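Work through the exercises below with the structure open. Try each task before reading its solution.

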Amino acid sequence: MLNKPLLADFKPIVAKPEMSRNESCWCQSGRKWKRCHKDRQSAKRLPEAALHAEVYKQAQFTTCLHPSAPESCSFGPIRSHTVQRATALKAISEDGHVLSGRDARPGKPAEFLLERVGINSASTFRGFCSKHDGEAFRDADRATNVTEWIAFLLGYRALSYEIYMKDISIPILEKYRDHLDAGLPFEAQERIQRYIHGNLFTSRLAVIEHERHKSRWDIALQQGKPEGFKWACLTFDGILPIVASGAYYPEYDFAGKRLQTLTSPIGTLNMLTFNVVVIGNNTKIVFGWLDGKAQSSQLIDSFLSLEQEYMASSIIQFFFDTSDNIFVTPSWWESLDRKLKKKLAALLANSTPGDKDPNGLRPLSKELSPIALGEAECH
């Protein structure tokens with residue numbers, strides 16, 4: 001129902017230390033209390049390695065996200081990069097490694113929030129078979145400049161990545177719901193279950209909304225002509241210490257002004273894709289949207305209204321606030337003041353559920369990067 005508020009079906013957890021044995025458990029797993037949280041505090045916890053192994057099993061993805069799939073697919077999905085390995089990842093790497101934000105989560109110390117990974121495995125996801133990955137994104141991976149078509153392809157892959165991540169996150173979160181709070185006191189169970197419940201709801205909702213948007217992008221991809229596509233490209237006079245790729249629903253602009261709310265009716269939200277590419281000695285931030293709405297343009301206009309000395313730092317802050325699919329130069333992260341690290345860590349780890357903090361995009365500091373914005377193209 002398109003006029004129904006997005007969050008209308010959200011039912012908050014009402015935690016109960018005691019329930020009737022056959023009553024549906026308060027964690028909303030769908031199981032009876034006697035088979036779920038009854039005696040959870042005395043349950044044996046799975047060793048961390050065993051839990052991660054179980055989670056990995058849940059995260060297998062066997063569907064190619066190309067609109068022509070599965071009829072013309074090659075074998076199953078391969079590991080393809082969301083960020084170009086040979087250019088963008090290589091440009092910010094040290095000894096072939098970067099720091100990844102993909103394992104960011106609340107409670108993880110800021111010093112250990114980002115994990116060291118090799119650029120061959122950084123940014124990969126199993127969203128496309130080899131045939132469709134090569135056919136669809138060859139132009140984007142070899143691009144020597146940013147055009148409308150390149151911007152569209154980058155946006156399409158970023159949106160596909162978000163669908164992939166949300167899709168595999170659901171069974172992972174369900175596994176955490178069933179095991180993560182074992183052996184803990186009731187208060188800790190409640191805290192963990194509230195966090196998981198909120199993320200489960202928003203992940204399921206995001207898959208539906210992302211796929212609604214992707215249906216339009218699918219048509220444009222198959223036609224080879226993205227009619228109605230809008231895009232912007234910000235070129236910096238140097239290489240920023242961060243690359244990223246993703247898609248999200250912008251709630252606030254860089255001045256803290258609300259653009260839209262997640263309680264809007266189904267099908268009305270503006271969605272914005274973003275990608276970082278490195279061409280020559282320049283970082284280029286590429287935005288794209290295909291829904292004809294004004295919020296994305298307003299967001300970019302608010303960025304261009306910032307003082308020049310804050311621009312690079314603000315775009316870095318933007319990536320920490322909007323996606324965990326970020327990768328940074330190790331020595332840059334280590335050089336940051338502890339206070340800045342903690343703030344960036346909080347933005348990265350606390351991205352769902354509910355409204356963003358309007359201060360999330362407001363410039364916190366000009367100390368993250370001194371590189372100047374050289375050119376801005378808006379189409």
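**Exercise 1.** Find how the axes of helix H4 and helix H5 cross.

Solution. Helices are DSSP runs of H or I with at least four residues, numbered from the N terminus. Take H4 as residues 148-179 and H5 as residues 186-223. Their axes, lines fitted to C-alpha atoms over the stretch in contact, with angles from 0 to 180 degrees between N-to-C directions, come within 8 Å and cross at roughly 150 degrees. Angles over 145 degrees count as roughly antiparallel, and H4 and H5 are therefore roughly antiparallel to each other. By class, their contact has 16 nonpolar, 8 polar and 9 charged residues.

This is a predicted model, where local features need pLDDT of at least 70 and side-chain atom pairs pLDDT 80 or more, while totals for chains, interfaces and linings use all residues. Residues are numbered from 1 along each chain as its sequence is written, and side-chain values use heavy atoms, without hydrogens and water.

**Exercise 2.** Which residues of H6 meet residues of H7?

Solution. H6 covers residues 295-304, and its axis lies 10 Å from that of H7, at an angle of about 145 degrees. With contact meaning heavy atoms within 4.5 Å, Leu299, Phe303 and Leu304 in H6 meet Met311, Ser314, Ile315 and Phe318 in H7.

**Exercise 3.** Describe the largest nonpolar core.

Solution. Such a core joins buried (under 20% relative accessible area, 1.4 Å probe, protein chains only) Ala, Val, Leu, Ile, Met, Phe, Trp, Tyr and Cys residues through side-chain atoms within 4.5 Å. The largest has 53 residues, and Ile315 is one of those with the most contacts inside it. Helix H7 (residues 308-322) gives the most to this core, 7 residues.

How values were computed. Buried < 20%, exposed > 50% of the residue type's maximum accessible area, 1.4 Å probe, protein only. Helix = DSSP H or I, 4+ residues; strand = E, 2+ residues; numbered from the N terminus. Parallel < 35°, antiparallel > 145°, perpendicular 65-115°, else oblique. Nonpolar A, V, L, I, M, F, W, Y, C, P; charged D, E, K, R; others polar.
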